[in-house]
There are 2 protein chains.
Amino acid sequence: LSFSFLQRAARRKRVAGRVVGLSRSAATVRRAKQRGAIDAGTTDARDAVRDADLVILAGPVDTIAPAGKRLARWMKPGSVLTDVGSTKSEIVAALETSLPRGPRGICYIGSHPIAGSEQRGIDAASAGLFAGASCLLTPTARTHPKALRAATQLWQRLGMRVSRMTPDAHDRLLGATSHLPHLIAFCLASSADPSRLGMPKSWLEMTRLAKSDPDLWDDIFLSNRAAVGKAADRLTGQIRTLRQAIVRGDRAAIVKFLRHAKAIRDAIRD
Amino acid sequence: LSFSFLQRAARRKRVAGRVVGLSRSAATVRRAKQRGAIDAGTTDARDAVRDADLVILAGPVDTIAPAGKRLARWMKPGSVLTDVGSTKSEIVAALETSLPRGPRGICYIGSHPIAGSEQRGIDAASAGLFAGASCLLTPTARTHPKALRAATQLWQRLGMRVSRMTPDAHDRLLGATSHLPHLIAFCLASSADPSRLGMPKSWLEMTRLAKSDPDLWDDIFLSNRAAVGKAADRLTGQIRTLRQAIVRGDRAAIVKFLRHAKAIRDAIRD
């Protein structure tokens, strides 16, 4: 599991008595320690989790469920497990069907703190990253109330606004509002014929997300393929509508389309 | 013609002995004067241009050629006319076929200073807007060397990097790098189902351009419809390619696509 911004914030905001970091890389553990992101760190998964009341899984989305299954073996009965993956349906389904349940089980809930940037790693960590941002929790009928309570408290103490929805609703929402924008930025960048001239600000802005890490985004797209596919189809339909109005010279249709889009955008706070 | 950022910059940078502003609105003239954007201002087109060595047309692209034809009647023989329209083929063709030519003619060349924002009006004016940005000039076989010289000097004195290309090459380039990003932002905004939750940063960024003025952008899209249509088709093709790879779960194809896009974007300076 890679270190996330979270550990640093958790320590600064004193949401836990003790924040322990786990990484495969001893160098990462050392750097996180030096930067004050963790109280203690280790490369030994068992050491990291055996005394923990709450374990947070971070990393590329396809690594989260396997890591959760492995760590659960050493976690205390009744302790809480959550993750920060950008897609939820696959992860929640995989962990809910495989984690030990019952009185000696692990209490799992999916989280998605919507905060971050195209940058990665402990060097980009910032304790203020979460304040005022949204965190989506994805409880199901199988979620233990203790997990819901602990996760809600965790994110609220970091200053986040916490909402709940089903894993599927989460993936549809994020497919349309985060995964699709990234997909478009990658497509716009890849269709460019970069000249030696400077590119206009509008192009730079609309392709900035294409600087994101391909090895994170392949997993996000794959683990949310149905919702991403549908969101892409909806957008392609909009492009076709506007393109046709332009090509046939239909000013009234263009103006109507642009005004509608501007009204939606103007109504949303930056 | 609306006042542009240009007048203020031209006065600050002393690119002309005297900067005269022309607007249909007396209030706009007064405000520009108060803000120091112009030396003198008027709502009388004849007064504005009859002593000018260089006249710069600014405003929505569909107003530029008609305004140029009208103003040319009162301009001095041998004086230079240029414009700052975001599309060039239509404007250049319209003015080249209608302006008086020969020894007592007007020397016209198309300009496109690539600077600005989604904001408009004299209140958004900034003298530093042009420094370091690109300006494209679109001379043709009919362009008088005097016009090319005067326009090159004008934009260079404002701190811009000046390049030349044909009006068609300009429209293809801007169609792909500016008009298409705006089109996408409008489409992404219009396909949104705004929830009460805050939208992710990625969505906000990828739709910010949809705040642009619909009454400017209908004209830009219409006056560059062929290039915009082709750019939209190319992008739709890229979306289809990436979407299909995602839906069929082809990780290798996705990673290849994302890495290619990232490489292009990483190579371009912000």
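**View 1. Helix 11 of chain A and what covers it.** Helix 11 of chain A, formed by residues 251-266, has 16 residues and reaches 22 Å from its first C-alpha to its last, close to the 22 Å expected at 1.5 Å a residue; the expected span of a helix is 1.5 Å times one less than its number of residues. Helices (H or I, at least four residues) and strands (E, at least two) are DSSP runs, numbered from the N terminus. The model is predicted, local features need pLDDT of at least 70, side-chain atom pairs count only at pLDDT 80 or more, and totals for chains, interfaces and linings use all residues. Residues are numbered from 1 along each chain as its sequence is written, chains are lettered from A and ligands numbered from 1 in the order in which they are written, and side-chain values use heavy atoms, with hydrogens and water left out. In this helix, A:Ile254, A:Val255, A:Phe257, A:Leu258, A:Ala261, A:Ile264 and A:Arg265 are buried, where buried means under 20% relative accessible area, exposed over 50%, and partly exposed in between (1.4 Å probe, protein chains only). The cover over these buried residues includes helix 10 (225-247) of chain A, and also helix 7 (167-190), helix 8 (201-207) and helix 9 (214-223) of chain B.

**View 2. The interface of chain B and chain A.** The contact, defined by heavy atoms within 4.5 Å, takes 83 residues from chain B and 84 residues from chain A. About 7300 Å² is buried between the two chains, and carbon and sulfur atoms give 70% of that area; buried area is the accessible area (1.4 Å probe) that two parts lose on being put together, summed over both. Of the area that chain B buries against chain A, B:Glu205, B:Met206 and B:Arg265 supply 9%, more than any other three residues. Across this interface the rule finds 20 residue pairs in polar contact, with both residues at pLDDT 80 or more. On the side of chain B that touches chain A, the elements giving two or more residues are strand 6 (134-137), strand 7 (161-164), helix 7, helix 8, helix 9, helix 10 (225-247) and helix 11 (251-266) of chain B. Helix 7 of chain B gives the largest share of that side, 15 residues. The residues of that side divide into 42 nonpolar, 19 polar and 22 charged, with Ala, Val, Leu, Ile, Met, Phe, Trp, Tyr, Cys and Pro counted as nonpolar, Asp, Glu, Lys and Arg as charged, and the others, Gly among them, as polar.

**View 3. Salt bridges between the chains.** A salt bridge is a side-chain nitrogen of Lys or Arg within 4 Å of a carboxyl oxygen of Asp or Glu, and across the interface of chain B and chain A the rule finds 14 of them. One salt bridge joins the side chains of A:Arg208 and B:Glu205 (2.6 Å, N to O). Another joins the side chains of B:Asp270 and A:Lys211 (2.8 Å, N to O). B:Asp270 lies in the segment after helix 11 of chain B and A:Lys211 in the loop between helix 8 (201-207) and helix 9 (214-223) of chain A, so the pair joins two chains. B:Asp270 counts as exposed at 57% relative accessibility, whereas A:Lys211, at 24%, counts as partly exposed. The side chains of B:Lys211 and A:Asp270 also meet in a salt bridge (2.8 Å, N to O). This pair crosses between chains, from the loop between helix 8 and helix 9 of chain B, where B:Lys211 lies, to the segment after helix 11 of chain A, which holds A:Asp270. B:Lys211 is partly exposed, with a relative accessible area of 24%, and A:Asp270 is exposed, at 57% relative accessibility. Salt bridges that share partners join A:Asp62, A:Asp218, A:Asp219 and B:Arg251 into one network.

**View 4. A:Ser111 in strand 5 of chain A.** A:Ser111 has its place in strand 5 (residues 107-113) of chain A and counts as buried because its relative accessibility is 0%. Its side chain makes a polar contact with the side chain of A:Trp155 (3.0 Å); a polar contact is a pair of N or O atoms within 3.5 Å, and within protein one must be able to donate a hydrogen and the other to accept it, while residues adjacent in sequence count only if both atoms are side-chain atoms. Not counting residues up to four places away in sequence, the residues that A:Ser111 touches include A:Thr82, A:Asp83, A:Val84, A:Gly85, A:Lys88, A:Cys135 and A:Trp155.
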